[in-house]
Amino acid sequence: MAESIATPSTATDTRFFGHPRGLATLFFTEMWERYSYYGTRALLMLYMTAGVAHGGLGFSVVAAGSIYGFYTAMVYLLALPGGWIADRIIGQRRAVLYGGIFISAGNLCLASPSLTAFYAGLALLMLGTGLLKPNVSTMVGQIYSTEDRRRDSGFSIFYMGINVGALISPIICGWIGERVNWRLGFLASAVGMVAGLIQYALSGRYLGQAGLHPSSTGDAERDRRQKRAGSLAVTGFLLVIVTLAVLASRGLFTITPEVISNALGWVLIALAAAVFLWMILGKGWSAQERKRAGAILVLFAASAIFWGVYEQAGSTLNLFAERNTNRVVLGYEFPASWYQSVQPILVIILAPLYAWLWIRLGSREPSSPAKFSAGLLFVGFSFMVLVPAAFGTHVSPSWLNASYFLSVVGEMCLSPVGLSAMTKLAPSRAQGFVMGVWFLSLGTGNWLAGKAGSLYEIVPLPILFGVGGGVAIAAAILLAVLVKPTKKLMAGVS
């Protein structure tokens, strides 16, 4: 079971909509971090493909899709070392703080007119999100005891906070970026993260002991060795990145976005294989932990496919909104980036209903694998519904709205459930690491979404949408067959 830092007082604390007050601190921290992330994401693809004369970078769709996929994949891929660093070196509390500082600096770099600063900003955003994202979620699990039935409901409320930020940011940052100045839009994203850091620092006392100290292996000397090795590894990684950036800026070698993106795909495959081989076959894991690692593998694969379809909202569907959708309402053409707020609006509406539903169902509540299967089915339908629209130009906004509604129904069955499942399946000594594995699945999905976006001008849209939807539906059927075996692997965790 995942370690809980909950105390008797938190078990009876109902100050935040029936949940511990510490949930509010994490709710608003994640809300502002997601405001920053989705504000940047709403602009990124459009900014890169906009002509230089219009203030953009003038990149091709293929190059922009590759960069988009690399960036969105890496913000989640780096959650794996980010979780380990928190577990073994600095604790979740400080990891979230440092991550927020990096994110703020990254958005400020994007606001610079320099292309070098643009790439540096993306790098800082990747590092910062890798530190913040897995660890703020881990602390949500720590404020509940493992027996507290409010846990899944609490994650649904926390997930609603994510989408409050994701709702507001495209409206504000998108309008500023598309209608005023692209770089001012990125500056508006930075302001949100700074607000989140201030809130986090002022209300951190409500978190109690959650995330305050790194975990211990039980051997003080081993802990010290791990900290030294981890610190050296992090320093070495940063030095390699800086060295490569300096050499590339001096023209000593050239790497195209497509080459980097393709290489990342192989890295993701190799990393996932290495992680699960270690968790299932490596030394130091109990028989129960190995079984649960097998269940995590099934959920990992389902999650990667789901996000590979869902996250095309920022790539393929963002371009579809800009180029193929009628955006005129009462004579006013609203920015294409505003469509990025449709999914968060629907999540805010549906999240409380799902939080209530899981508690209301009680013993009849579906298992996590069954919920994942439903999530895949709905996200598959969300792309199939776009196939007829893909044959037209300047189509009704209703097509995208219907697609986003179906995708969010699927999201509610998978994403908050996945966060909760990871905190329950994770061994106590590896909470941050297992949460990093979960975010590795999101990184894989985001990479797939970026690759799909890069095909926008190459593959006919009906085929592009049809293949994405068909793969998700096929995966849903396969997972439905595997529900019972997966539940057995979960060894008592529902």
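Predicted model: local features only at pLDDT ≥ 70, side-chain atom pairs only at ≥ 80, totals over all residues.

Helix 10 contributes Arg292, Ile296, Leu299, Phe306, Trp307 and Tyr310 to the contact. From helix 14 come Ser407, Val408, Gly410, Glu411, Leu414, Ser415, Ala421, Met422, Lys424 and Leu425. Sorted by class, the residues of the contact between helix 10 and helix 14 are ten nonpolar, three polar and three charged.

Helix 14 (residues 397-425) also has helix 6 (residues 151-180) as a partner: their axes come within 9 Å and cross at roughly 125°. This angle makes helix 6 oblique to helix 14. Helix 6 passes helix 14 in a right-handed crossing. On the helix 6 side, the contact involves Arg151, Asp152, Phe155, Ser156, Tyr159 and Asn163. These meet Glu411, Met412, Ser415, Pro416, Leu419, Ser420, Thr423 and Lys424 of helix 14. The residues of this contact between helix 6 and helix 14 divide into five nonpolar, five polar and four charged. Glu411, Ser415 and Lys424 of helix 14 are listed in the contact with helix 6 and also in the contact with helix 10.

Further along helix 6 is Ile171. Ile171 counts as partly exposed because its relative accessibility is 37%. Leaving aside residues up to four places away in sequence, Ile171 touches Trp338 and Ser341.

Helix 13 spans residues 368-384, which is 17 residues. From first C-alpha to last, helix 13 reaches 25 Å, close to the 24 Å expected at 1.5 Å a residue. Its buried residues are Ser368, Pro369, Lys371, Phe372, Ser373, Gly375, Leu376, Val379, Gly380, Ser382 and Phe383. Ser382 of helix 13 counts as buried because its relative accessibility is 1%. With residues up to four places away in sequence not counted, Ser382 touches Ser403, Leu406 and Ser407.

The loop between helix 13 and helix 14 contains His394. His394 is not a glycine, but it has a positive phi of about 55°. Leu330, likewise not a glycine, has a positive phi of about 55°. Leu330 lies in the loop between strand 1 (328-329) and strand 2 (332-333). With a relative accessible area of 88%, Leu330 is exposed.

One more residue is found in helix 8 (residues 220-249), namely Arg224. Is Arg224 buried or partly exposed? Arg224 counts as partly exposed, because its relative accessibility is 44%. The C-alpha atoms of Arg224 and Ile89 are separated by 9.0 Å, while the two residues are 135 residues apart along the chain.

Key
Residues numbered from 1 in each chain as written. Heavy atoms only, no water. Axes fitted to C-alpha atoms, helices over the stretch in contact; angles between N-to-C directions. Helix = DSSP H or I, 4+ residues; strand = E, 2+ residues; numbered from the N terminus. Parallel < 35°, antiparallel > 145°, perpendicular 65-115°, else oblique. Left-handed = near helix turned anticlockwise from the far one by under 90°. Contact = heavy atoms within 4.5 Å. Nonpolar A, V, L, I, M, F, W, Y, C, P; charged D, E, K, R; others polar. Expected span 1.5 Å × (residues − 1). Buried < 20%, exposed > 50% of the residue type's maximum accessible area, 1.4 Å probe, protein only.
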